Amino acid sequence: MRLARLVLWLATIGFVGFGIAFTFWPLPMASLIEIPLPTPTARIDFGATYGGFEIGFGIFLAACARRAEWIEPGLWATAAALAGFAAIRLYGLVAVTGPATGPIFIGLALELTGLAAALFALLQLRRAEAS
């Protein structure tokens with residue numbers, strides 16, 4: 001259970017951290033991934049979509065880390081979110097013509113690492129429950 005909580009807390013930090021960055025520094029964050037935000041409406045929506053969701057999801061993961069009965073669902077939610085990000089990022093790398101920049105590969109590496117950690121923690125939980 002200790003590993004599972006650690007994974008959830010690390011995911012919490014990651015999601016909330018990125019969410020805060022996307023919310024309070026939308027222009028620099030968007031420029032890293034070459035998304036222009038030419039209007040206040042674009043900046044507001046970018047902050048809500050990239051920042052608000054990640055902050056909210058991170059808070060949910062923190063709640064999961066604090067309650068024993070929520071640990072497994074929190075790990076599943078972490079795995080599902082990171083798998084979704086990674087799958088679409090991989091699809092984009094294959095389907096989009098032209099080279100991607102470094103932030104895409106850094107994001108993919110973080111997502112795959114987090115996914116592996118969440119799945120490993122789930123496996124450890126299952127083994128502990130079985131014994």
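The protein chain has five helices and zero strands. Read along the sequence, the pattern is α-α-α-α-α. This is a predicted model. The C-alpha atoms fill a box of roughly 55 × 30 × 15 Å along the principal axes. Of the 131 residues, 31% are buried. Among contacts with a separation of 6 or more, 72% join residues 24 or more positions apart. The chain exposes about 8,000 Å². Carbon and sulfur atoms supply 73% of that area.

Take helix H3 as the part to examine. Helix H3 covers residues 40-66, which is 27 residues. At 1.5 Å a residue, helix H3 should span 39 Å. The C-alpha atoms at its ends are 37 Å apart, which agrees. H3 does carry a kink of about 30°, centred on Ala48.

Which residues of H3 are buried? They are Phe46, Gly47, Gly51, Glu54, Phe57, Gly58, Leu61, Ala62, Cys64 and Ala65. An α-helix has 3.6 residues a turn, so residues three or four places apart point the same way. The cover over the buried residues of H3 includes helix H1 (2-24), helix H2 (26-32) and helix H4 (71-95).

Thr12 lies in helix H1. Thr12 has a relative accessible area of 9%, so Thr12 is buried. Leaving aside neighbours within four places in sequence, Thr12 is in contact with Gly17, Gly58, Leu61 and Ala62. Gly58, Leu61 and Ala62 are among the buried residues of H3.

Leu10 counts as exposed because its relative accessibility is 54%, and the cut-off for exposed is over 50%. Leu10 belongs to a nonpolar patch on the surface, with Leu3, Leu6, Ile13, Phe120 and Leu123. Together these residues have about 570 Å² of accessible area. H1 and H5 are the elements that give two or more residues to the nonpolar patch. The largest share, four residues, comes from H1.

Ala121 lies in helix H5. Its relative accessible area is 1%, so Ala121 is buried. Leaving aside neighbours within four places in sequence, Ala121 is in contact with Leu3, Ala4, Val7 and Leu75. Leu3 is also one of the patch residues. The C-alpha atoms of Ala121 and Leu8 are separated by 9.4 Å. Along the chain, Ala121 and Leu8 are 113 residues apart.

Now turn to charge. Side chains of opposite charge can pair when their charged atoms come close. How many salt bridges does a search of the whole structure find? The search finds three.

Start with Glu69 and Arg67. Their side chains meet in a salt bridge at 2.5 Å, N to O. Arg67 has 39% relative accessibility, so Arg67 counts as partly exposed.

Next come Arg126 and Glu72. Their side chains meet in a salt bridge, also at 2.5 Å, N to O. Arg126 lies in helix H5 (residues 102-130) and Glu72 in helix H4, so the pair ties together parts that are 54 residues apart in sequence. Arg126 counts as partly exposed at 43% relative accessibility. Glu72 counts as partly exposed at 21%. Buried means under 20%.

The remaining pair is Arg89 and Glu111. Their side chains meet in a salt bridge at 2.5 Å, N to O. Arg89 is in helix H4 and Glu111 in helix H5, so this pair links distant parts of the chain, 22 residues apart. Arg89 is partly exposed, with a relative accessible area of 22%. Glu111 counts as buried, at 7% relative accessibility.

Back to the part you asked about. H3 has a kink centred on Ala48. The cover over its buried residues includes H1, H2 and H4. H4 is tied to H5 by the pair Arg126 and Glu72. Arg89 and Glu111 also link H4 and H5. H1 and H5 both give residues to the nonpolar patch.

Technical notes
Residues numbered from 1 in each chain as written. Predicted model: local features only at pLDDT ≥ 70, side-chain atom pairs only at ≥ 80, totals over all residues. Heavy atoms only, no water. Expected span 1.5 Å × (residues − 1). Bend = angle between axes of the 7 residues up to and from the residue. Buried < 20%, exposed > 50% of the residue type's maximum accessible area, 1.4 Å probe, protein only. Contact = heavy atoms within 4.5 Å. Salt bridge = Lys/Arg side-chain N within 4 Å of Asp/Glu carboxyl O. Patch = residues over 30% accessible without salt bridge, like charges linked within 9 Å, V, L, I, M, F, W, Y side chains within 5 Å. Areas by Shrake-Rupley, 256 points an atom, 1.4 Å probe, with all protein chains shown as cover.
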